[in-house]
Amino acid sequence: ILDLARQHVGSELAMLSSLDESQFSLCRTSPAEKSLSAPLDTVLANQAIEENKLVFTEKTKSWGAYLANPIYVDGKLRCLIEFYTSKKSSISGWNTDREFKMRVLKLISQWLGNEISQLEKRTQLKARYEKINERFTTISPREREVLALLVDGESSKSAAKILEISPKTVELHRANLLRKTHSKSSAELIKLAVLHQEFINT
């Protein structure tokens with residue numbers, strides 16, 4: 001998407017950087033350029049962030065043309081896209097197609113913001129499932145059998161009959177399951193077991 005954005009704007013280089021605790025981190029450049037650091041222009045980048053809008057300037061001391069576009073997710077600044085050309089060049093066709101290019105950049109920013117939001121949600125969900133999964137690492141094979149029956153709605157007596165063990169043994173396994181998974185009740189145990197199975201199946 002960064003390559004397409006650069007081609008659309010008509011700049012020589014585009015940079016996508018993330019912002020975490022007021023520190024910029026380079027995510028990607030188009031074309032690939034390892035020697036650069038984010039942001040390209042601290043003053044203009046901060047201006048775009050402070051004003052919460054696209055900033056475009058031409059013929060600066062450093063650039064022929066420079067454009068910065070901040071990206072917000074849920075009201076929080078997360079990324080910055082910068083475009084620039086060398087002092088000998090300008091952004092092709094920017095002045096004649098400025099309004100159209102700004103609309104497209106806005107759409108690109110919205111798309112990137114949505115992708116960032118979805119990625120964060122997936123990351124948080126994965127972390128939650130992994131934390132739940134850790135609770136089940138010490139469960140024995142027999143305890144898993146008992147748990148599977150409890151999840152299916154079987155009572156201790158019916159589970160005991162199916163497994164051909166005593167109801168007291170089933171209750172002992174249930175107590176061990178509650179202890180090992182740090183569950184406060186059987187209902188919480190079953191809920192965690194369902195989420196644990198979802199994690200395994202993903």
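Q: Why does glutamate 164 count as exposed?
A: Its relative accessibility is 73%. Exposed means over 50% relative accessible area, buried under 20%, and partly exposed in between (1.4 Å probe, protein chains only). Glutamate 164 therefore counts as exposed. This is a predicted model: local features need pLDDT of at least 70, side-chain atom pairs count only at pLDDT 80 or more, and totals for chains, interfaces and linings use all residues. Residues are numbered from 1 along each chain as its sequence is written, and side-chain values use heavy atoms, leaving out hydrogens and water.

Q: What makes asparagine 52 partly exposed?
A: Asparagine 52 has 48% relative accessibility, so it falls in the in-between class. Its phi is positive, about 55°, although it is not a glycine. Asparagine 52 sits in the loop between α2 and β3 (55–58). Helices (H or I, at least four residues) and strands (E, at least two) are DSSP runs, numbered from the N terminus.

Q: Which residues have the most contacts inside the largest nonpolar core?
A: They are Leu67, Ile81, Phe83, Leu105 and Ile108, in a core of 18 residues. Such a core is a set of buried Ala, Val, Leu, Ile, Met, Phe, Trp, Tyr and Cys residues joined through side-chain atoms within 4.5 Å.

Q: What does phenylalanine 83 touch?
A: Among its partners are Ala5, Val9, Leu13, Leu67 and Leu105, not counting residues up to four places away in sequence. Contact means heavy atoms within 4.5 Å.

Q: Which residue does a cis peptide bond join to proline 31?
A: Serine 30, with omega about -5°.
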